[in-house]
Amino acid sequence: MSASTVEGHIAKERFIGVDLQDHEEARGIVKAIVRDNPEAKVSQIPGVIKVTCHHQLQINRATVEQELRHEWDTQEFNMSIISYIGDIQEWDDDHILVKWSTD
Amino acid sequence: MARKLGLRETYAAMTRGVNWTPSYVKEEEAFPYHQFEGIKIHDWDKWEDPFRMTVDNYWKYQSEKDRRLYAVLDSFSQNQGHLNISDGRYLNAIKLFLQGVTPLEYMAHRHFMFIARYMPGPGTRMAALCQSIDELRHTQIEIHSMSPYNKYYSGFHSMRKMHDRVWYLSVPKSYFDDAVTAGPFEFLTAISFSFEYLLTNLLFVPFMSGAAYNGDLPTTTFGFSAQSDESRHMTLGLQVIKFLLEQDEANVPIVQRWLDKWFWRGYRLNSLVAAMMDYMLPKKVMSWKEAFELYFEQQMLDGLFPDLARYGIKPPMGVEQAIKEKEKISHETYWALYNFGFAAAFNTWIPTNSELDWMTEKYPATFDRYYRPRYEKAQKIVDENGRFFMLGLPQLCQVCQIPMIFTEPDDPGKICFRSSTYKAEKYHFCSDGCKQIFDWEPEKYVQSWLPVHEIYKGNCGGPSVPEVLDWYGIQPGDNGEYQGSVDQLNWASWHKDFAPV
Amino acid sequence: MSYDLSPQVIEQRRLAYDELTRRYGQREATRYEEATIGVQHEENFHYRPLWNPAIEIYDPSMTRLKLADWYSFLDPRQFYYGPYNQARNKSMENLDSQLAYANERAMLDKIAGDWRNIFLSYLLPLRHYEYGGTTVMTYVARFAYGTSIEQCASFNAFDKTGNSQIITKFALMLPNADQLLEEGKRRWMEAPHLQPLRSLVEHTWLITDWAEAIFVQNLLLDPLLYTLLYQEFDRVALENGALAVTFIHKYMNDWLKDNSRWTTALVEAFLNDDQHGEANRQAIQQMLDGWRPKVEESLRPLGVIFEMPQVKGNFEASWQQATQNLDHHLERLGLNVATEMPATNKMPATLAG
């Protein structure tokens, strides 16, 4: 079954993504995301940085730490995230992974 | 010395295994509510909570969030920040938020305590406990963020009493009352999944980006701060649904029915958001139609539903109609608010010419044909005789409690009426969706506290308009036309005195 | 756009929300007042709960006590979410630095071997006791009437989960933590000296009168248990060189002190109510008289714990201290102290194994 069978709806490309509050640390995280997810698309509305990908979006602690130049606990992502689209499938000490289950 | 544990192991040690099955009292006496809805759970340990938030980390991150938030609020007050918003009209969107949404945050706070108390699984209880106190936070930071506005503007002064009494606020109130009076799994499906995941971006992001576009610092600040908790709530919502669907196949049709009901309930509630987005923001973010296409059609229909199809879940009842209605729902709703604006605790107005042009551009198929002529006529009446209002009482939908203002899905010229007869009494609905919801549970919806009926029954302060408005707590200036209102006059004079540098 | 900050002042139209000016007259309100007073819905509920059609969504009849004004009770700590979190975060940071110090100085390694068994007899099982307390307080938070009361219960519920996790945190610093947690739970479920307590906790889950639930847990059970273990037994632990665990004891003690402030104020509000004070007094007295013997019976078997360390504690003296403290507290509130105490020379239960 595909949702595109809904009458009147024109299906578009599927994506996942995270919305971050626009502040210093988030900008570092976004740089790390872009390094680790080359297909990531970054856009901005006032106060918000939106990062989207088509298949999966992975945040790696090690890359974020390189960007921020200090230690970063993945739980600190709570201080930046304001919304997301997709399914957070992993959130451990080293990685955060957002994707859909079927892809 | 013990080895350092990872996030996953620490969280598991903290939350799992602390619960136990009582043996000195009967289990069904201690946990009496998780079975009557017919949901089957075989293994509560299959519950996954990706956020893995322990209490110590909760205190740490949340107190940091609050520290940042209250610093902004203090500075906003100290610097007369309210003068920096785009236009005085803008605040009417925020009055609607405080009156309509803030009391719902509080309802969520109380009822997540019910989930934390009565669900037997420790992971679920921990997630619900955190969400409950998050929702208390949201209630309070919203009250605190709007408090500086209350000191200078109409319509902010009496949110809770209004929420309990005023006609258009029975739309959000009945929505949440419906959820908390349902069983615990239906509540989770309604609030955690349908409200917090399926519709959350549609409900909150327009308000928050609207605030950011219109220079409303307190709302932007609490909004983003609350949204950061909200992403935990979204995770809980998706987890609830996946957990129910994975535990037993027999849960699938039950969940589908709840999804059908709560999509439609939430979507109808969102018609107020639609009106707010298209009409109340002096600086527009995006149209309702664009928001619906992005946040619902693309993110949910194209994004989420293929994941749920694995379990046999279909897009919810009424989705085709909602897609058709994206061309008209904001216009039909705002027109009703404009007409009945004498009894609302916010101001309404005729859109400016450039705003009308914006709507023509955003709604080429419908706006010039159906809606622009209304405002041109309204403007003519204003020019000739002054502002008109509909002084009669509208008929309300028995389920969503919105006046019968919506048109047939395929005919924007014809009002849609549906009805059902239950125990020899006839009940009226705005749509097939609301009629279906009634037919599923008539014994619930015959109880609805319908504001118009209650006025007729004499339960709202008296039979005359001034008596009802007084009972609502509406004070002069709260209601009616924006042009010439207390807020508009003040806004004009403050901006004359405080010349921009 | 920015504005010239001229000395011109815009006059405020309102000093505070109506709910507050109606109550306090024309004055500015505090953030606690704004966040608390009159926030709970009061009328025109749409539907009866499917899970209990006998009640309204918020229903003052969920306790047999009454207040003419439900907001005559205010939290003496003035906690709303913000200050609550700040306060708890501060205590937690303190505890964390103490535990880090204990770790650094290898204090945990120096605890004599028999302490592993002692921890298993009280501290580890008590993570379940605390969790059971969350169950009671989440009930209160849902069903108590008025935001000022339920808000305190909400924080109390969260604190109880926090206390349980703090014990877990301590256990995770010890060798073979997994085993400790598992064995701790086995003792909570099976060890004879803990069964009366577990039975009592389970029975508190069935209390439907939320005020009664608060008083059983916060006036009787927690104060007695905390005094016995975290104050009295704390001295025993110190004498035996188990320094690290005393940081946990102290945290718990400080928490109890803080938490009892709102309960004390709540009792006072009920007793001082002009209209219902006397009826409330009788009802509260009845609740306490009914529960106190059961609470005491459930705690006396903890005496075995005092026998376990090398330098033994004097349980009877500690028991006297704990019950006296309780008596004094109740007397200060103007409540009677039950005259018939359960026999103090009861046989101690067999040692946990």
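Chain B and chain A bury about 3900 Å² between them, with 58% of that area on carbon and sulfur atoms. Do keep in mind that this is a predicted model. On the side of chain B, Y61(B), F224(B) and D302(B) supply 16% of the area buried against chain A, more than any other three residues.

Here is the interface in numbers:

| Item | Value |
|---|---|
| Residues from chain B in the contact | 47 residues |
| Residues from chain A in the contact | 40 residues |
| Salt bridges between chain B and chain A | four salt bridges |
| Polar contacts between chain B and chain A | 20 residue pairs, both at pLDDT 80 or more |

A salt bridge to look at joins D87(A) and K242(B), whose closest N and O atoms are 2.5 Å apart.

Which elements of chain B give two or more residues to the side that touches chain A? They are helix 1 (7–15), helix 3 (55–78), helix 10 (200–213), helix 11 (217–247), helix 14 (288–309) and helix 15 (319–325) of chain B. Helix 14 of chain B brings the largest share, 14 residues. By class, the side of chain B that touches chain A holds 22 nonpolar, eleven polar and 14 charged residues.

Now to a helix pair within chain B. Helix 8 (residues 170–181) and helix 9 (residues 184–198) of chain B pack at an angle of about 130°, their axes 7 Å apart, and the two helices of chain B are therefore oblique to each other. Helix 8 of chain B makes this contact through Y175(B), F176(B), A179(B) and V180(B), while helix 9 of chain B uses F187(B), A190(B), I191(B) and F195(B). The residues of this contact divide into eight nonpolar, no polar and no charged.

Methods: Residues are numbered from 1 along each chain as its sequence is written. Chains are lettered from A and ligands numbered from 1 in the order in which they are written. This is a predicted model: local features need pLDDT of at least 70, side-chain atom pairs count only at pLDDT 80 or more; totals for chains, interfaces and linings use all residues. Side-chain values use heavy atoms; hydrogens and water are left out. Axes are lines fitted to C-alpha atoms, for helices over the stretch in contact, and angles run from 0 to 180 degrees between N-to-C directions. Helices (H or I, at least four residues) and strands (E, at least two) are DSSP runs, numbered from the N terminus. Angles under 35 degrees count as roughly parallel, over 145 as roughly antiparallel, 65 to 115 as roughly perpendicular and the rest as oblique. Contact means heavy atoms within 4.5 Å. Ala, Val, Leu, Ile, Met, Phe, Trp, Tyr, Cys and Pro count as nonpolar, Asp, Glu, Lys and Arg as charged, and the others, Gly among them, as polar. Buried area is the accessible area (1.4 Å probe) that two parts lose on being put together, summed over both. A salt bridge is a side-chain nitrogen of Lys or Arg within 4 Å of a carboxyl oxygen of Asp or Glu. A polar contact is a pair of N or O atoms within 3.5 Å; within protein, one must be able to donate a hydrogen and the other to accept it, and residues adjacent in sequence count only if both atoms are side-chain atoms.
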